[in-house]
Protein chains: 2
Amino acid sequence: MVVTDSSRLTVHDVAMVAGVSIATVSRVLNHRPGVSPATRAKVLAAVERLGYRPDRAARELSNRRHVTVGLCTAYGHRRLIPFFMLFLEHLMEELASSGLRLKDVPTGRDGLPLEPTDACMLFGAHADDPRIADLQKRKVPFVLIGRREGVRCVAADGVAGGRLAAEHLLRLGHTNALHVTGELFSQAMSDRAAGFVSAYDEAGAPRPRVLETDDLSALGAYRAMTRDLATRSHGTHLHHVHMGPAGTVPDRLAMNASARTTAEPSGARGLDYTAVFAATDELANGVIAALTDAGLRVPSDVSVIGFDDMPEIGDELTTIRQDIAAVAKTAVELLHEALNGAPVRGVRVPVSLVVRGTTAERR
Amino acid sequence: MVVTDSSRLTVHDVAMVAGVSIATVSRVLNHRPGVSPATRAKVLAAVERLGYRPDRAARELSNRRHVTVGLCTAYGHRRLIPFFMLFLEHLMEELASSGLRLKDVPTGRDGLPLEPTDACMLFGAHADDPRIADLQKRKVPFVLIGRREGVRCVAADGVAGGRLAAEHLLRLGHTNALHVTGELFSQAMSDRAAGFVSAYDEAGAPRPRVLETDDLSALGAYRAMTRDLATRSHGTHLHHVHMGPAGTVPDRLAMNASARTTAEPSGARGLDYTAVFAATDELANGVIAALTDAGLRVPSDVSVIGFDDMPEIGDELTTIRQDIAAVAKTAVELLHEALNGAPVRGVRVPVSLVVRGTTAERR
DNA sequence: CTGAAAGCGCTAACAC
DNA sequence: GTGTTAGCGCTTTCAG
């Protein structure tokens, strides 16, 4: 009935190709010391050539000591953020196939795991996240998915992404833009905003207004946009942008980001922008819906660009793609380094612009 | 003799306690034929007494004649539906610990896996889903997460859930209710609606109006509600409810569900309802946001009840809880039955009412 | 430094 | 019916 998968690559295949024993292959794969650089290279070459991926189940079974790694994330919102789920899938895959066992421990309101774990993956750290100090004090090895001086961390390059978005928009003639984002309190959000805004500054274009929402869902963006649209169309009342706690936002952003009004009339309906950069694809979705419901067309009236390149968001959205697989892979490498007490390092994964149908030249 | 690691219970322990061999234990655990009822009972007793749980990794490794089970779901929306992700987690856990390997094969626009798999888990089947016939024709063992005469299926009892919601609302005096739901084309949605509506019918209360949205997200509900609120407040134009293809919706629902207007003035702002039953918690979230943005208070002006009891949705929502773990567990059992060619059966998992803060007595 | 061999916990031939 | 035994793919002593 069921066909056996005889084509499964094993350590034996790799050992054979590399001309070594399976034990050596295993050593190399587990970054174990005591293998000559030459043999190591041979093994890695064989792995590469064969496209070998260790079997997760076998690894788990063999590894007697299970390192459980806890997931520290914002309280109660895990499954509500699709991007996070997507990333998590990659992370679990990487973790599992590197022999580690991800334990999905419940986290308290402070975002820390309620049960003790051998290590931690930290998500969405704030500028002054207390969790980091806590983890350091308790000497729990951890890696931060994000960016932070002096801690082991990895993330997509938000600043570069914001820049790419700005350059794309400017190239299309959108000298007046709006930036819709989550709370700038978050490092990821403020990086993206910083890159975007500074590119506009450097181009000598008016500094984009920043519209923050505390709800990262499409609905959150929709509500914020709709409110903003209503306020703006009256042309008088300035929308109040809620900023994070003082000091957590880069100065260049904190200074009356919302208080500027463009002198020249631009865009449809007297809007002060002709393009929107949303900090995530999901936010972009909400932005587009709000724009559409307000009778504006995308991209002919307003261009919209997102960030992440979530596959589910649709195949029309112009966005900044981040290499989720690479981030996850790096995160796991860093975790191993943490477990082995290697020196701390942070890595930023490059992003790229994906032009699709929601951006167009300014009319 | 093999001395077992004190920390881990194994088949050996069970075999020892039951006074049989490990092979027999394995047979019992895998519902394999050829074990006398007496021995089977002894083994099960031992398992029970020891609290033994088979090791997932070992099972997977040993079961190398992999049965890959594909996931057939709506195209491109997987991660966008939190509830689905939650269910999936349970399902994967069950599948893995029963030795099956869930292969997350990409599905085509028709919802069928693009790569051949040994079996399938089918999600969200429609009344006349072509995928079912296709699977049957190709003789691929499958189980449907949903409800459908004549196929192996399991789901929470939507009809009973709708009923519970109605009874709760009626008990609070809400004789006029609105039902916000996804496309009734979906069996789950129409079951919930049917239970809800028929309970109102039987109570002699006005039949609740049904508001459908093709977007199951909170944003979808928000937009639908907001549009409805705007239309209704003028008190003239009747909102057009889009119904699924003819014949797919129970007659009792299809008949001008939206064409009735209550004679008596009820609720705030001349709304024709004082309570809303949302077909999912996520929809409920959108409904609450829309109500709130329209200046209505929940629950003092309008009561809202959801369905699913998603942990992330917040701890304030009154809802109908479904036992996700039980559904997942049953799904896997059914899949094994399918693999073994056992007779087809369908199971409905009971649901329960969870009263929290979004419902209150009608004023 | 590298290889041979003994399992990790479980399933499934194959014997009895 | 039930027990024996040989692996599943990998890690890891322990020799060489």
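This is a predicted model: local features need pLDDT of at least 70, side-chain atom pairs count only at pLDDT 80 or more; totals for chains, interfaces and linings use all residues.
Select helix H2 of chain A first: H2(A) gives the most to the surface near DNA strand D, with five residues. Here a helix is a DSSP run of H or I of at least four residues, a strand is a run of E of at least two, and both are numbered from the N terminus.

Residues are numbered from 1 along each chain as its sequence is written, and chains are lettered from A and ligands numbered from 1 in the order in which they are written.

**DNA strand D.** Now show the 29 residues that surround DNA strand D; among the closest are Thr10(A), Ser26(A) and Ala23(B). Helix H2 (22-29) and helix H4 (56-62) of chain A, and H2 (22-29) and H4 of chain B, each supply at least two residues here. By class, this surface has 12 nonpolar, 12 polar and five charged residues. Nonpolar means Ala, Val, Leu, Ile, Met, Phe, Trp, Tyr, Cys and Pro; charged means Asp, Glu, Lys and Arg; the others, Gly among them, are polar.

**DNA strand C.** Move to DNA strand C, which 28 residues surround, with Ala23(A), Thr10(B), Asp55(B), Ala58(B) and Ser62(B) closest. H2 and H4 of both chain A and chain B each give at least two residues to this surface.

**Between the chains.** Next, select the 26 residues of chain B that are in contact with 24 residues of chain A (C-beta atoms, placed from the backbone, within 7 Å). Helices H4 (56-62), H5 (82-97), H9 (218-233) and H11 (281-293) of chain B each give two or more residues to this side. Its residues are 12 nonpolar, five polar and nine charged. Of the interface residues of chain B, 81% are also interface residues in chain A, so the copies meet through the same surface.

**The sheet.** Finish in chain B, where six strands form an open sheet with parallel pairing, in the order S2-S1-S3-S4-S5-S11. Two strands pair if DSSP finds at least two bridges between them. S2 (101-103) and S11 (346-349) of chain B stand at the edges with a single partner strand each, so one side of each has no neighbour in the sheet. Inspect S4 (residues 142-145) and S5 (residues 153-156) of chain B, which pair over two bridges. Leu144(B) is opposite Cys153(B) in S5(B).

Definitions and conventions:
Two residues are in contact if their C-beta atoms, placed from the backbone, lie within 7 Å. A residue is near a molecule or strand if its C-beta atom, placed from the backbone, lies within 6 Å of it.
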